[in-house]
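Subject: Structure for your review, with notes on what was found

Dear colleague,

I am handing over the structure below so that you can look at it alongside the notes that follow.

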Amino acid sequence: MGEISCSNGIGNGNGVNGKTHSSQNGYRKSCWYEEEIEENLRWCFALNSILHTGASRYQDIALLDTKPFGKALIIDGKLQSAEVDEFIYHESLVHPALLHHSSPKTVFIMGGGEGSTAREILRHKTAVKVVMCDIDEEVVDFCKAYLVVNREAFCDPRLEVIINDARAELEIGKECYDVIIGDLADPIEGGPCYKLYTKSFYEHTVKPKLNRGGIFVTQAGPAGIFSHTEVFSCICNTLKQVFKYVVPYSAHIPSFADTWGWVMASDTPFTLSADELDSRIKQRRIKGENRYLDGKTFSSASTLSKAVRKSLDNETHVYTEGTARFIYGHGSVQKQNQA
């Protein structure tokens, strides 16, 4: 659950949590964003300002200017991305799949309304058609208006934006794709996206829409030493029931206060070494330079800790609509004023 708390209080010079805050005439003003990431554990950071809040048919939306992480997009009280470190998430989501594919020309994005996933794909000159399918038009319009870093991507003629449920769009469409990317909201109880993490969806909707040699990759929730058992391990195991080759990998996202996970899957083996991935980056003449991901980084990301590897090896749970697992928490942005 996410909460914005603004307070004005009398300062005694000792500060809060050991940190001294500037004061004038004995008064201290602070504004914080707080999110409950698991029971008995909350994550909060200071705000410069609340840039925008709104609500669509599907979810609450907020854009905050945070002191440690720059602009941060909040949906339904959960942090989606932050300006300072979103490149870690989006480079990790996009580039491993596109680089392992021999010639990724067509890409379908499930979700991705903020535009950052499309931005990373469009840096690849091999990409000739990118379809971004998000159910919430208001989120897409909101991000077009406020996330300046992605405006060029939204104007790229190779990008087609479709407002629809990703499952419905894949099922009614006739086209197949080289890469399909799941940039969906986390599976939250009562949320709209958990059905897009199920075995039946992967088996009957996603896999038939991949071209020969196609690759599917999805964000898979928290993947920390303790948090990976929420959904990461069972999403990985579920994909193993559908695809011959499955590669889980992870990276620390500072603004998420955790390690995050992705899972890449295909019926074609992933054989590229770290050096071969670096060579492919150079050969493809990707626009600009990755800030985070290269061959050695991906090699490291896909080498999980002993505890997580053991847990994934022993995981037996298969994600279905009737046996769904969820990450902790759900809420909306609220304002509080305290005297």
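I begin with cysteine 155, which lies in helix H4, a helix that covers residues 151-155. Its relative accessibility is 66%, which is over the 50% cut-off, and cysteine 155 therefore counts as exposed. Between the C-alpha atoms of cysteine 155 and lysine 144, which are 11 residues apart along the chain, the separation is 9.8 Å. Please keep in mind, here and throughout, that this is a predicted model.

As for the overall picture, the protein has 10 helices and 14 strands, and of its 339 residues 53% are buried.

The annotated position comes next. UniProt, in an unreviewed entry, places the feature "active site" at Asp183, and this aspartate is found in strand E10, which runs over residues 177-183. Aspartate 183 has a relative accessibility of 11%, and because that is under 20% the residue counts as buried. Not counting residues up to four places away in sequence, aspartate 183 touches Tyr89, His90, Leu93, Ile109, Met110, Gly111, Gly112 and Thr117. With one of these, tyrosine 89, the side chain of aspartate 183 makes a polar contact of 2.8 Å.

Leucine 93, which is among the residues that aspartate 183 touches, is found in helix H1 and counts as buried, with a relative accessibility of 0%. Its contacts, leaving aside neighbours within four places in sequence, are with Thr117, Ile181, Gly182, Asp183, Val217, Thr218, Gln219, Tyr249 and Trp262. In the case of isoleucine 181, which is 88 residues away from leucine 93 along the chain, the C-alpha atoms of the two are separated by 7.8 Å.

Proline 96 is also found in helix H1, and at 2% relative accessibility this proline counts as buried. Once its neighbours within four places in sequence are left aside, proline 96 is in contact with Glu91, Tyr249, Met264, Leu293 and Phe298. From proline 96 to valine 217 the distance is 8.9 Å, C-alpha to C-alpha, although the two are 121 residues apart in sequence.

Helix H1 itself, residues 86-100, packs with helix H8, residues 274-284, at an angle of about 90 degrees and with the two axes 10 Å apart. That angle makes H1 roughly perpendicular to H8. The residues that meet are Leu98, Leu99 and His100 on the H1 side and Leu277, Arg280, Ile281 and Arg284 on the H8 side; sorted by class, this contact has 4 nonpolar, 1 polar and 2 charged residues.

Serine 116 lies in helix H2, residues 116-122, and has a relative accessibility of 1%, so that it counts as buried. Apart from its neighbours within four places in sequence, serine 116 is in contact with Glu86, His90 and Asn150. His90 is also one of the residues touched by aspartate 183.

Asparagine 40 has a phi near 70 degrees, a positive value in a residue other than glycine, and its place is in the loop between strand E2 (27-38) and strand E3 (41-55). With a relative accessible area of 77%, asparagine 40 is exposed. For aspartate 76, phi is near 50 degrees, which is likewise a positive value in a residue other than glycine. Aspartate 76 lies in the loop between strand E5 (70-75) and strand E6 (78-82), but at 18% relative accessibility this aspartate counts as buried.

Terms used
Residues numbered from 1 in each chain as written. Predicted model: local features only at pLDDT ≥ 70, side-chain atom pairs only at ≥ 80, totals over all residues. Heavy atoms only, no water. UniProt positions renumbered as here; feature names shortened; annotations may be inferred. Helix = DSSP H or I, 4+ residues; strand = E, 2+ residues; numbered from the N terminus. Buried < 20%, exposed > 50% of the residue type's maximum accessible area, 1.4 Å probe, protein only. Contact = heavy atoms within 4.5 Å. Polar contact = N/O pair within 3.5 Å; in protein donor to acceptor, adjacent residues only side chain to side chain. Axes fitted to C-alpha atoms, helices over the stretch in contact; angles between N-to-C directions. Parallel < 35°, antiparallel > 145°, perpendicular 65-115°, else oblique. Nonpolar A, V, L, I, M, F, W, Y, C, P; charged D, E, K, R; others polar.
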